[in-house]
Protein chains: 4
Amino acid sequence: MLNVGIVGATGYTGYELIHLIARHPQARLVWATSESSAGQRICDLYPTPDETQLSHFDDAPLARADVIFFCLPHAASMEAVARARAAGVRAIDLSADFRLPDPQIYEQWYNTPHTQTHLLQTAVYGLCEIHRSQIAGAELVANPGCYPTSVNLGLWPLARAGVLGPRVIADSKSGVSGAGRKLRLGSHFVEINENMVPYSIGYAHRHIAEMELILGRHMPDLQITFSPHLIPVNRGILSTLYIELDPTLSQQAVRDLYRSAYADEAFIHLLPAGQTATLRHTVNSNRVAIGLTPLPRPGQWIITASEDNLLKGASGQAVQNMNLMFGLDETAGLV
Amino acid sequence: MLNVGIVGATGYTGYELIHLIARHPQARLVWATSESSAGQRICDLYPTPDETQLSHFDDAPLARADVIFFCLPHAASMEAVARARAAGVRAIDLSADFRLPDPQIYEQWYNTPHTQTHLLQTAVYGLCEIHRSQIAGAELVANPGCYPTSVNLGLWPLARAGVLGPRVIADSKSGVSGAGRKLRLGSHFVEINENMVPYSIGYAHRHIAEMELILGRHMPDLQITFSPHLIPVNRGILSTLYIELDPTLSQQAVRDLYRSAYADEAFIHLLPAGQTATLRHTVNSNRVAIGLTPLPRPGQWIITASEDNLLKGASGQAVQNMNLMFGLDETAGLV
Amino acid sequence: MLNVGIVGATGYTGYELIHLIARHPQARLVWATSESSAGQRICDLYPTPDETQLSHFDDAPLARADVIFFCLPHAASMEAVARARAAGVRAIDLSADFRLPDPQIYEQWYNTPHTQTHLLQTAVYGLCEIHRSQIAGAELVANPGCYPTSVNLGLWPLARAGVLGPRVIADSKSGVSGAGRKLRLGSHFVEINENMVPYSIGYAHRHIAEMELILGRHMPDLQITFSPHLIPVNRGILSTLYIELDPTLSQQAVRDLYRSAYADEAFIHLLPAGQTATLRHTVNSNRVAIGLTPLPRPGQWIITASEDNLLKGASGQAVQNMNLMFGLDETAGLV
Amino acid sequence: MLNVGIVGATGYTGYELIHLIARHPQARLVWATSESSAGQRICDLYPTPDETQLSHFDDAPLARADVIFFCLPHAASMEAVARARAAGVRAIDLSADFRLPDPQIYEQWYNTPHTQTHLLQTAVYGLCEIHRSQIAGAELVANPGCYPTSVNLGLWPLARAGVLGPRVIADSKSGVSGAGRKLRLGSHFVEINENMVPYSIGYAHRHIAEMELILGRHMPDLQITFSPHLIPVNRGILSTLYIELDPTLSQQAVRDLYRSAYADEAFIHLLPAGQTATLRHTVNSNRVAIGLTPLPRPGQWIITASEDNLLKGASGQAVQNMNLMFGLDETAGLV
């Protein structure tokens with residue numbers, strides 16, 4: 001049994017992890033922390049019978065854990081992770097702090113300097129389907145952002161094959177849990193129910209950096225436009241991706257690129273021709289569903305990709321990373 | 001044209017009033033206040049083209065208004081109302097501060113002393129269908145609470161006829177706008193969407209005082225149990241009322257009590273036999289819908305009553321009160 | 001490994017069972033039927049990668065199954081169950097057909113004669129927490145209705161102790177999946193979203209028979225009023241139960257009745273004093289959450305009970321019954 | 001007072017028209033028809049006190065109306081409209097039957113021949129802000145489709161100025177009322193609640209023809225990609241429009257094109273720089289809200305446009321057309 005610690009357990013991703021670890025056949029929670037709610041139990045904060053006790057991070061016995069999940073806001077996370085690493089404990093960070101290897105790009109998008117740059121070199125970007133082998137040996141995994149997971153997995157087979165045109169438009173829609181449990185007017189029920197709100201559209205959202213990181217590796221001239229929208233559902237992301245491909249590629253050839261890229265992937269649901277991804281394909285699962293829609297004009301395609309933002313987009317993929325890091329069945333606790 | 005002032009214009013009831021007055025054929029807004037947002041416009045706070053400027057209450061030209069609506073929290077409202085009355089301006093208070101004529105009962109339910117007891121005697125409880133004649137001449141109208149409006153109008157024909165048994169159970173369900181625009185975890189989209197939450201059930205909610213005020217006038221032995229529940233909709237209240245009547249009353253006799261009580265009422269929708277009130281009967285209208293359901297056991301009935309909590313349950317009834325106070329068509333601006 | 005068959009696999013309860021059995025560590029699906037969709041796969045009907053093939057019931061190899069779940073409408077179910085029993089296969093029926101031991105009461109509520117009365121004597125009403133010992137040896141289990149499960153488990157500790165007054169009012173609220181996947185105007189998104197609809201209120205809903213069956217066993221004078229309401233959520237039932245108890249009972253004594261009745265129950269979440277059950281306490285779990293609220297007037301209480309109507313209210317409890325019937329860990333596949 | 005007839009009054013657009021005409025100061029309903037519900041009243045079909053009687057179209061006194069609204073499905077509408085025109089009554093058709101002047105293009109998109117081609121020449125496409133002068137004298141107005149209204153009004157100032165690049169991507173999101181009241185699995189509450197569904201994406205939705213009609217007039221090389229998505233709200237369309245403009249245009253110059261195109265338009269809400277359109281900007285109003293967002297790369301813009309699909313996207317614009325046709329205040333009954 002793996003011993004697991006969770007730092008920042010009372011936000012939506014932390015709570016989801018508590019739930020996932022409780023059902024995991026080969027892992028158990030040994031401690032969980034919350035600065036705002038130390039001394040309380042999870043059942044004091046959420047409608048659940050779960051009586052997990054919360055402590056301050058300073059009081060957590062780091063070394064009792066084989067692996068620690070960090071569910072802290074960016075900037076706050078990097079130092080906590082460094083302490084775990086200094087104690088020799090493997091870490092999975094759900095914040096953005098170790099996703100971008102170049103600290104200057106990090107600072108540019110997050111407006112704060114990176115104070116733990118020595119850890120950046122060892123951090124592995126935990127997009128499991130793409131970086132599986134690096135994750136296996138990693139001491140520090142940077143768990144990917146929710147939106148980039150849908151966009152990157154949705155386009156990676158095309159990008160690595162060198163057939164994807166530079167201009168990519170990602171029109172993404174996310175449930176409200178993606179905005180966190182913190183109180184803000186935009187998450188007030190009356191403000192978002194029966195509403196739909198575009199925000200940070202175009203080239204303003206920080207998650208673009210992760211799309212450029214993964215897709216840009218294969219496409220130096222990538223020009224991504226990314227438009228997130230908040231929709232009145234609890235969970236789920238749907239990305240509608242407008243792309244151009246080499247117009248000589250047949251529809252079957254495009255499909256074959258996905259088939260070979262994702263053969264045997266337990267968490268990729270490649271939809272049959274004619275179908276598009278919906279939230280319901282993936283909510284409450286760790287899957288990404290991907291639909292391939294060719295347009296009448298040669299070379300123009302729409303890729304639809306959906307996921308549960310709290311599972312494959314956050315805590316589910318974090319557990320998948322844990323499974324890979326410790327040589328467990330990759331799907332353990334996730335089906 | 002009536003000149004209207006609105007104090008506390010940025011909460012849901014204040015914003016609703018701005019909208020209602022803008023469409024009212026015989027009234028116009030002359031000023032609106034907000035302590036938290038003075039200097040801003042409504043369109044800076046809500047997704048609307050409405051450019052109404054907000055000022056501090058201290059800067060509002062009280063006397064330019066023929067009537068002032070107060071949309072402040074209880075306790076805060078009473079002093080502001082007193083200033084308007086001192087300036088000779090008629091007032092409609094949407095808070096609870098002038099609803100209960102007995103300051104001791106007020107203090108008992110609201111845990112704060114009443115500092116303007118001299119105004120309590122002149123205040124009229126503005127339940128239009130019941131107090132129409134007193135409202136016409138009133139200088140100060142206390143606009144009823146949202147829940148009590150549904151319960152009181154739903155049962156008044158029975159109470160005044162002396163046929164209603166003392167034990168009344170009101171199981172009420174309200175949309176989230178009833179909890180206001182203030183940020184709290186219970187109004188966070190993810191917390192209440194796909195959820196339903198009973199709160200202050202039994203004999204704990206302050207609105208009971210208004211039910212005892214109106215129904216208790218006819219029923220000294222009234223024993224009310226009141227259970228509000230929050231449901232994931234923006235607007236609307238549905239009260240399911242479990243009552244006992246004189247078992248010798250025929251179904252037609254019961255229906256006739258409602259017919260005669262509410263003959264010619266524009267805003268009462270008495271449903272045909274066999275129908276129950278739903279939210280959709282009244283949302284976006286100033287109506288109350290009332291359904292009468294007899295049970296097989298003689299004397300047992302269920303009354304269902306619905307309303308839009310922001311209209312008949314608050315701002316709509318406030319405009320109805322204004323219409324009555326100034327001798328306008330009672331439905332002006334409300335259909 | 002238990003071999004499982006599912007009859008009527010394409011409605012919400014059947015689909016939920018497919019999902020539950022797929023994750024069950026000691027059971028596997030061997031066949032599934034659907035008259036309307038025979039020849040298709042589940043993934044042709046639902047947004048899922050599940051490729052389970054559907055056949056006609058007539059083509060299903062009954063005897064290959066150790067246990068068959070029947071997810072058919074009432075009246076249609078009884079004959080299909082009889083065929084399984086004739087083939088010697090144990091059966092769990094999710095319809096109402098075998099819940100009521102008296103065929104006259106069945107006919108009275110369901111307006112159709114019972115054609116398999118010989119099976120009624122052997123059928124066990126599968127309310128696991130109450131009938132655990134009978135279920136263990138049962139060949140035919142009648143899985144309880146969704147509403148009665150919340151009401152019966154919410155009141156049983158009081159009824160069996162003989163302290164519950166005869167007059168019980170159950171104001172229940174259910175998500176829309178309870179109305180099934182069949183197309184009807186009342187389940188159209190635009191009709192029920194932002195709405196709330198009471199239906200069959202008072203003494204008209206068939207589920208009353210199951211409340212009288214279980215609670216009435218201890219209370220010959222039980223007078224139940226039951227009012228279901230449809231609310232705009234996918235899953236979940238909340239029952240607000242208005243009851244009278246022996247007024248000399250202390251609050252602690254009442255709580256102790258629940259504690260002793262449900263000691264060690266994995267799926268009963270008895271809430272601490274001061275808390276009420278919400279949908280979120282139980283949705284996506286097989287639990288029932290129960291809150292105990294005393295009113296100021298001695299002897300008057302409100303019990304709140306919630307459950308997921310598709311899990312503890314249907315398919316989850318069906319799996320719990322299977323676990324009991326075959327001597328498995330009662331929680332297998334349910335946590 | 002204008003006398004109004006409504007054909008097909010029981011769908012969502014017909015019901016909305018009944019509501020709008022009831023509040024219109026210069027129009028009154030004289031008859032309404034429904035083939036499926038003739039003999040019933042609106043209050044038998046909807047939760048409303050409205051007792052409007054429904055008749056068969058054959059029994060409707062066409063000539064008593066000054067204007068008739070047709071709320072029928074396409075193909076069914078054209079003949080009914082022809083009868084009204086033969087009777088000399090002016091007509092506003094909410095179907096697609098008279099929107100496309102070229103019957104071959106109609107047949108190509110709608111898979112049915114146009115049987116009333118003689119009326120196509122006189123029909124005016126009723127996009128009020130663009131065709132105001134033609135509408136004034138029209139005998140037959142083809143009310144625009146819901147999606148095209150948002151796209152066409154969102155881009156028209158750019159198209160007519162000749163600055164819009166040929167490649168336009170419209171990612172649109174619509175509430176479920178846009179799919180009509182007819183029962184279909186995709187409108188079942190449980191199927192679309194907590195879900196989001198792309199459909200007919202790319203170049204498959206019939207409304208593309210209307211975008212090509214209006215924008216294509218100025219842009220012979222227009223290449224539009226249109227992707228509608230169903231979202232779990234009752235009302236509202238949001239179109240996120242990805243476009244390229246002449247890169248030498250300043251941001252102010254682009255804004256000025258909208259200002260001059262829509263100066264004095266009562267129903268266009270041009271948002272300030274930095275804001276994007278949300279559903280809430282326009283739901284329950286007849287407005288279109290338009291936000292202009294420049295991207296960092298010169299010439300790339302995102303236009304967001306929202307509307308209420310049942311008002312400006314259907315019945316509201318139909319009333320606006322009536323107002324224009326009969327020389328009334330264009331906003332009468334719409335504010």
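Visitor: How many residue pairs are in polar contact across the interface of chain B and chain C?
Guide: The rule finds 30 residue pairs in polar contact there, both residues being at pLDDT 80 or more. A polar contact is a pair of N or O atoms within 3.5 Å; within protein, one must be able to donate a hydrogen and the other to accept it, and residues adjacent in sequence count only if both atoms are side-chain atoms.

Visitor: What should I know about the model itself?
Guide: This is a predicted model, in which local features need pLDDT of at least 70 and side-chain atom pairs count only at pLDDT 80 or more, while totals for chains, interfaces and linings use all residues. Residues are numbered from 1 along each chain as its sequence is written, chains are lettered from A and ligands numbered from 1 in the order in which they are written, and side-chain values use heavy atoms, with hydrogens and water left out.

Visitor: Back to chain B and chain C: how many residues are in contact?
Guide: On chain B there are 43 residues in contact with 43 residues of chain C, where contact means heavy atoms within 4.5 Å. The two chains bury about 3400 Å² between them, and carbon and sulfur atoms give 57% of that area. Buried area is the accessible area (1.4 Å probe) that two parts lose on being put together, summed over both.

Visitor: How many salt bridges are found across that interface?
Guide: There are four salt bridges between chain B and chain C. A salt bridge is a side-chain nitrogen of Lys or Arg within 4 Å of a carboxyl oxygen of Asp or Glu. One salt bridge pairs Glu244(B) with Arg167(C), at 3.6 Å from N to O.

Visitor: And how many over all chains?
Guide: The count over all chains is 56 salt bridges. Within chain C, Glu16(C) and Arg235(C) form one, with their closest N and O atoms 2.4 Å apart. Glu16(C) lies in helix 1 (residues 12-23) and Arg235(C) in the loop between strand 10 (223-230) and strand 11 (237-244) of chain C, so this pair ties together parts that are 219 residues apart in sequence. Helices (H or I, at least four residues) and strands (E, at least two) are DSSP runs, numbered from the N terminus.

Visitor: Are Glu16(C) and Arg235(C) buried or exposed?
Guide: Both Glu16(C) and Arg235(C) are buried. Buried means under 20% relative accessible area, exposed over 50%, and partly exposed in between (1.4 Å probe, protein chains only). For Arg235(C) the relative accessible area is 17%.

Visitor: Which residue forms a salt bridge with Arg235(C) at 2.7 Å?
Guide: That residue is Asp308(C). Asp308(C) sits in the loop between strand 14 (300-307) and helix 11 (311-325) of chain C, so its bridge to Arg235(C) joins parts that are 73 residues apart in sequence. Asp308(C) is buried, with a relative accessible area of 0%.

Visitor: New topic: what are the domains of chain A?
Guide: The assignment gives domain 1 (2-122) and domain 2 (147-309); domain bounds come from an automatic or database domain assignment. Their C-alpha centres lie 27 Å apart.

Visitor: What area do these two domains of chain A bury between them?
Guide: They bury about 1100 Å², 56% of it on carbon and sulfur atoms. Tyr12(A), Arg99(A) and Trp109(A) supply 55% of the area that domain 1 buries against domain 2, more than any other three residues.

Visitor: Which residue does Arg99(A) pair with in a salt bridge?
Guide: Arg99(A) pairs with Glu210(A), the closest N and O atoms being 2.8 Å apart. Between domain 1 and domain 2 of chain A, the count is two salt bridges.
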